[in-house]
Amino acid sequence: KLPAAVRIVEMGPRDGLQNEKQLVSTDTKVELVRRLERAGLKAIETTSFVSPKWVPQMGDNSEVLTRVLAAAAPGVAYPVLTPNLKGFEAALAAGAREVAVFGAASESFSQKNINCSIAESLERFRPVTEAAHAAGVKVRGYVSCVVGCPYEGAVAPQAVADVAATLMEMGCYEVSLGDTIGVGTPAGIVRMLEAVAKRVPVEKLAGHYHDTYGMAVANVFASLQMGVAVFDASVGGLGGCPYAAGASGNVATEDVVWLLNGLGIETGIDLDALVDTAAWISAQLDREPASRVARAVLAK
Ligand code: HMG
Ligand code: MG
């Protein structure tokens, strides 16, 4: 049985923009969030509090979050990435009410992305979750490379389940499962979800699928059939991870909304406003929207 409603966590301002070579202005980032709010998104990952030496595009994190929160829309969550206590403290100072820690199921990716082993990363996340909970801040968890790793190839479902279970045990309210390089196909996604669901209730899982090989919508559908009801997606299909060369953006939010509309599953999102936002941000970045749904709707 498919879920009656799905929660979409919009990744555009963070996963979408983090890999852009040209610096996107703070004004454009804030305006993107405002347009996403108007399209009905209720969770918008706004920026990341990582090292500006590692990810220069997110170097205006405090200003973006402060400006976004100064005119926060009612009922909208604005999570931000925080890899360590330093990032958490900066996020808290800018007013964050929700943060995310991000680990990986592959050792090589963990080293390249956050410069430490999986075990070390989990030890860094523990004080972040403790400080967050003490401050009444919600914490989401991510696991990257849930199907494949750009450096190691196939990843064992059991490795994903172990990291996901540890993140839950630390008090994350939800764990988002990242097919960072978009190599997953439905059979592999289902095997992975079956392993993770033995350790973490499926209601606590989110799918975070990159669309490198065009399989992300199929993977969303396979996950819906497994009972997953939260998906991360990026308007216009923007993005990619700086530590996963060649990987393209998250599944486009408008592609997911089109799928869900067709299934009669509630999202609260206005498809036309979303497609207009995809067109607007793509124009800001001097390109056509990557998603099939945006192109089709705009051609009408
Ligand atoms: P490190 O170099 O090991 O950190 O980096 P360190 O603790 O040794 O500190 C070194 C320097 O960084 C120091 O500055 C610190 O102050 C500074 P210095 O003394 O040299 O001037 N520093 C920081 N500055 C700002 N904010 C911070 C921070 N922490 C330390 N939070 C670190 C470790 C994690 C910081 C680094 O590796 C990093 O920033 N990595 C970037 C990771 C990233 O943003 N990746 C992309 C997002 S994850 C993703 O896209 C996957 C996801 O979408 C899911 C999926 O698709 O799978 C979530
Ligand atoms: Mg990602």
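Visitor: Before we start, what makes two strands a pair here?

Guide: Two strands pair if DSSP finds at least two bridges between them. Keep in mind that this is a predicted model. With that rule, the strands form an open sheet of eight, in the order S1-S10-S9-S8-S5-S4-S3-S2, with parallel pairing.

Visitor: Why are S1 and S2 said to stand at the edges?

Guide: Strand S1 (7-10) and strand S2 (47-48) each have a single partner strand, so one side of each is left without a neighbour in the sheet.

Visitor: How do you know that S1 pairs with S10?

Guide: A pair needs at least two bridges, and four bridges join S1 to S10. Therefore they count as a pair, by that cut-off. These two strands run parallel, and Val9 stands opposite Asp232 in S10.

Visitor: On to the helices. What makes H9 a mostly covered helix?

Guide: A residue is called buried if 20 or more other C-beta atoms lie within 10 Å of its own. In H9 (residues 216-225), seven of the 10 residues are buried, so the helix is mostly covered. The buried ones are Ala216, Val217, Asn219, Val220, Ala222, Ser223 and Leu224. Their cover includes strands S8 (174-179), S9 (205-209) and S10 (230-233), along with helices H8 (186-197) and H10 (253-263). After H9 comes Gly227, with a positive phi near 100°.

Visitor: How do you know that the buried residues of H4 line one face?

Guide: In H4 (residues 85-93), Gly87, Phe88 and Ala91 are buried. Looking down the axis of H4, its buried residues fall within an arc of 100°, so they line one face of the helix. An α-helix has 3.6 residues a turn, so residues three or four places apart point the same way. The buried residues of H4 pack against helix H3 (61-70), strand S3 (80-81), strand S4 (98-104) and helix H6 (118-134).

Visitor: Which residues come nearest to ligand 1?

Guide: Of the 26 residues around ligand 1, those are Val50, Gly87, Ser144, Gly178 and Thr180. H4, helix H5 (107-114) and strand S5 (138-144) each supply at least two residues of the shell. The shell divides into 12 nonpolar, 12 polar and two charged residues.

Visitor: What makes Val160 stand out in the largest nonpolar core?

Guide: Among the 95 residues of that core, Val143 and Val160 touch the most other members. Helix H7 (residues 157-169) gives the largest share, six residues. Leaving aside neighbours within four places in sequence, Val160 has contacts that include Ala105, Val143, Leu177 and Met192.

Note on methods
Residues numbered from 1 in each chain as written. Chains lettered and ligands numbered in written order. Predicted model: local features only at pLDDT ≥ 70, side-chain atom pairs only at ≥ 80, totals over all residues. Core = buried A, V, L, I, M, F, W, Y, C linked by C-beta atoms within 7 Å. Buried ≥ 20, exposed ≤ 12 C-beta atoms within 10 Å, placed from the backbone. Contact = placed C-beta atoms within 7 Å. Arc of directions from axis to C-beta. Near = placed C-beta within 6 Å. Nonpolar A, V, L, I, M, F, W, Y, C, P; charged D, E, K, R; others polar.
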